[in-house]
Amino acid sequence: MGSVGWSRLQFGFTITYHYLFPQLTMGLALLIVVFKALALRTKKPEYDDLARFWARIFGINFAVGVVTGIPMEFQFGTNWARFSNFSGGVIGLTLAMEGMFAFFAESAFLGLFLFGEKRIGPRAHFVSAFMIFVGSWLSGYFIVATNAFMQHPAGHTLDESGRLVLSDVFAFLFNPWALWQYAHTMSAAVITSAFVVCAVAAYWTLMHRHERHARTALRVGIVAGLIACVMQIFPTGDQHGKMVAAHQPAALAAMEGKFETSTHAELAIIGQPNIEERRLENPIVVPHILSFLAYGSFGAQVKGLDDIPHDEWPDNIELLYYAYHVMVGLGTLLVAIMGIAALLLYKDRLMRTRPVLWVLMLSFPFPYIATTAGWMTAELGRQPWLVYGLMRTVHGSSPRVSSGSVAFTTIGYMGLYTLLSVLFVFLVGRAVARGPEHHGPEHQGENDAEHEPKPQEA
Ligand code: HEM
């Protein structure tokens, strides 16, 4: 593998690992606001306990997210120097805004939320939760807007030295690609956090611990999770798909394993793309649906890879195809899980239906896998372009950095991140085992026995 290949592997590995953390913090930020709002409205202490508990998990995730995010900024300079030189005049804006405004707001208010509750009182404590939410969701927007520029450049011109400069900040910041990509990404973050909240609450319920808190957390997690799971498919997934169809036809054809151009195009549910023979093997398809989903008409023509120049094909069609199908398949499964849980919750049978609690406890990895597959779809679909239509990936690397050097640092990151994972699992495991009580100013001195109903009462 050459130096471009190693640089891609290194960025792919570090960003995949990094994004395991922000997807939870961004989703939790919203759920913490919900817990705080319900605490203010109902005055029930378990809402406050849950807000504090999840803010601690947020803090651990946030710290690991920051630590693993910084090396990626370095990689822009070390491994992708020609890309940084070419596009820094545009994407420097959103990357700097992310650091200056959103990141600082988020960390300052997190400190206030975690350590200032006694001094600032319940309303200001709610406001600090809300500001964490604003900070983390703004951070997310600036990063997604940066990626959206790479997917579908807008608001730029080329200067006389051949570098990109911003010509229209508004067009760059409100790139239509960014709007749907953001909606889809944030709804995925809410799904991740909802599944994690439900998994922990299901664990507490199955263990007959913190059952009042668990019931409350399950209610909030399931309602938020079901809404986000539905939104993930419609409108966000649907509209994002239409964006891809309109602007990245090669990506759409590869995602569907479609080689021949046709009208009334079929949607591939299952099948294995055979690139050498240019066909989908063992396919199960739904006729006409791809034309309708992509262009809003059953008779619309969908371009196949055969009619796209070979040097514009994504370079790993198999992985792209499978990543897309894993995301969509899991999206369907997640709706089903949350739908069943919501039905049982509505009928007041969830706390007694142990198989469903087991499913909720064990399903939390699925949104992480779907999200990773989603980003792989987006990033592999953009290939062979680094900035779509403007710069190819092979032209964006640092020409003087050898493949051996990048391989060495990649292995170093892998080792370091393994250690970080052990520390992370230990810290989160300890927090979950301790549970949600006894951390707020008003709960000092209470214990489980006083605070919890007996198992048979639950
Ligand atoms: C079942 C319905 C789903 C549909 C129709 C759908 C559709 C899409 C489409 C069209 C893309 C853009 C790919 C590209 O840019 O080339 C995408 C990306 C993405 N998807 Fe999904 N998706 C679904 C489910 C999910 C689920 C369940 C998750 C996670 C929980 C998820 C997370 C993502 C992420 C993180 C991205 C990358 C960011 C982006 O470009 O938006 N998706 N999805």
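Let's start with the shell around the ligand. Its residues split into 13 nonpolar, 13 polar and no charged. Keep in mind that this is a predicted model.

Which residues come nearest to the ligand? There are 26 residues around the ligand, and the nearest are G237, G331, G374, A378 and G381.

Now, where does the shell come from? Four helices each supply at least two of its residues: α7 (176-206), α8 (211-247), α11 (317-346) and α13 (365-382). Which of them gives the largest share? That is α13, with eight residues.

Let me pick out α7, one of the helices that supply the shell. First, its length. α7 has 31 residues, and at 1.5 Å a residue they should span 45 Å. The C-alpha atoms at its ends are 45 Å apart, so expectation and model agree.

Next, its surroundings. Is α7 mostly covered or mostly open? Mostly covered: 27 of the 31 residues in α7 are buried.

Take one residue as an example. V200 sits in helix α7. Why do we call V200 buried? Because 27 other C-beta atoms lie within 10 Å, and the cut-off for buried is 20 or more.

V200 and L360 are 160 residues apart in sequence. In space, their C-alpha atoms are 8.8 Å apart.

Last stop: the end of the helix.

To recap: α13 gives the largest share of the shell, no shell residue is charged, and α7 is mostly covered.

Terms used: Residues are numbered from 1 along each chain as its sequence is written. This is a predicted model: local features need pLDDT of at least 70, side-chain atom pairs count only at pLDDT 80 or more; totals for chains, interfaces and linings use all residues. A residue is near a molecule or strand if its C-beta atom, placed from the backbone, lies within 6 Å of it. Ala, Val, Leu, Ile, Met, Phe, Trp, Tyr, Cys and Pro count as nonpolar, Asp, Glu, Lys and Arg as charged, and the others, Gly among them, as polar. The expected span of a helix is 1.5 Å times one less than its number of residues. A residue is buried if 20 or more other C-beta atoms lie within 10 Å of its own, exposed if 12 or fewer, and partly exposed in between; C-beta atoms are placed from the backbone.
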